[in-house]
Amino acid sequence: MDALLKKLSEARGVSGNEEAVRQVILEAVREHIDGYRVDALGNLICYKKARRQGGASWPRKVMLAAHMDEVGLMVTGFNNDGTLRFGKVGGIDDRVLLSKQVLIGPDAVPGVIGYRPIHLIPRAERNRPPDFSKLAIDIGASNQAGAEKLVKLGDYVSFRTSFEVLAEDGLRTVKGKAFDDRAGCAVLVELLKGEYAVDLYAAFTTQEEVGLRGAKVAAYAIAPDVAFAFEGTICDDLPSKKDVSPVTELGKGPAITFMDRSFVADRRLVDLLVRTAEKEGIPYQFKRAVAGGTDSGAIHLSREGVPAVTVSVPSRYIHAPVSMLSLLDLEHTVQLVQKSLHNMEGGLGS
Ligand code: CO
């Protein structure tokens, strides 16, 4: 699974420009699905009919969602000195931008978000976040005309981060960019390899980071009975503070959401996941913060409403150039959802 995650993580797909990620996913799922289509917003919707008979009459049509896009930047202007002005696509803290390497546009032009060396920063300024308006991307061009030969206005900018396996110990920790939400994409690809007694509609969605936009139209088209969204969510277990409960912890299993800023999870689906985890001995945890939004926020408000839940792989340092996760958590997330889909065959209760 690390080979797939490496490909997904290194693919460049800032919101609205998910093509490269879509190609990696299509290649991985093509032989496991009955069909697919790409809609007007770029969502990749894969369809897999129930392989086994029986089961409850409801829910029959299950939507599984993971977003393909990642946070990044966009070129918004040129400075006379050949550097580039830029805007943010999705939520990024200014402080994580300093001194980072980036790739720009379809030709992956390399650049650096340079920052003054410490020698030139007055002592009083060192404790303050940088002034975003003064940040620029340096591509080494000597003037504006030189820069315009290499990049265009509106070009997407992604962080330049290679995927690596960091530890071969129990947790099998890896680092890379965009685990929010390539971790969810990897989970969904693996799930499509299984066989189920329900009809699966796997939506690899676009533009989640700018407002859950792809999921909104995907859910409308699919009109599912229930939905699961998969995420790479906040993991703030380091450094561990005594008496403070982290949002999630690395290596403690998939994180189930009760509520975030975009939706309240359907308790029948939460119960199904918990029951399944207990029965199968799969580790799990709850996301212990009402923070962020997920595709479930758009999906649960589709048409006449859709019961939804979000399951996440804990990922340290998300919305930054590099994040970390445990492959063990990724595998446990796949197992938990796979078994839960089987356990759903008897229905969900009232
Ligand atoms: Co995100």
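**Entry 1: the cis bonds.** I began at Asp-181, which lies in helix H4; helices (H or I, at least four residues) and strands (E, at least two) are DSSP runs, numbered from the N terminus. The peptide bond leading from Asp-180 into Asp-181 is cis, with omega near 15°. I found another cis peptide bond between Trp-58 and Pro-59, where omega is about -5°. Pro-59 sits in the loop between E2 and strand E3 (61-67).

**Entry 2: ground rules.** I noted that this is a predicted model, so local features need pLDDT of at least 70 and side-chain atom pairs count only at pLDDT 80 or more, while totals for chains, interfaces and linings use all residues. Residues are numbered from 1 along each chain as its sequence is written, and side-chain values use heavy atoms, with hydrogens and water left out.

**Entry 3: the cobalt ion.** Which protein atoms are donors of the cobalt ion? I listed Asp-180 (OD), Glu-209 (OE), Glu-209 (OE) and His-319 (NE2), lying 1.9 to 2.7 Å from the ion. Donors here are N, O and S atoms within 2.8 Å of the metal (3.2 Å for Na, K and Ca); water is not among the atoms, so sites may look incomplete. Along the chain the donors follow the spacing D-x28-E-x109-H. Glu-209, in the loop between strand E12 (199-205) and helix H5 (213-222), and His-319, in the loop between strand E16 (308-316) and strand E17 (323-326), are 110 residues apart. Why is the arrangement irregular? The 4 donor atoms subtend angles of 52 to 139° around the cobalt ion, and so the arrangement is irregular. Glu-209 counts as buried at 13%, whereas His-319 is partly exposed at 25%.

**Entry 4: Tyr-317.** Tyr-317 lies in the loop between E16 and E17. Although not a glycine, Tyr-317 has a positive phi of about 65°. Its relative accessible area is 42%, so I put it down as partly exposed.

**Entry 5: the nonpolar cores.** A nonpolar core is a set of buried Ala, Val, Leu, Ile, Met, Phe, Trp, Tyr and Cys residues joined through side-chain atoms within 4.5 Å. The largest has 72 residues, and Ile-25, Phe-204, Phe-228 and Met-344 touch the most other members. Helix H4 (residues 179-191) gives the most to this core, with 8 residues. A second, separate core of 21 residues includes Leu-84, Ile-104, Leu-135 and Ala-141.

**Entry 6: helix H2.** I looked up the buried residues of helix H2 (residues 19-29): Val-21, Arg-22, Val-24, Ile-25, Leu-26 and Val-29. They pack against helix H1 (2-10), strand E1 (35-38), strand E2 (44-48), H4 and E12. Contact means heavy atoms within 4.5 Å.

**Entry 7: Ala-147.** Leaving aside neighbours within four places in sequence, I found Ala-147 in contact with Phe-78, Gly-82, Leu-84, Ile-139 and Ala-141.

Conventions: Buried means under 20% relative accessible area, exposed over 50%, partly exposed in between (1.4 Å probe, protein chains only). Four donors count as tetrahedral if all angles lie between 85 and 135 degrees; four count as square planar and six as octahedral if opposite donors are over 155 degrees apart and all others between 65 and 115; anything else is irregular.
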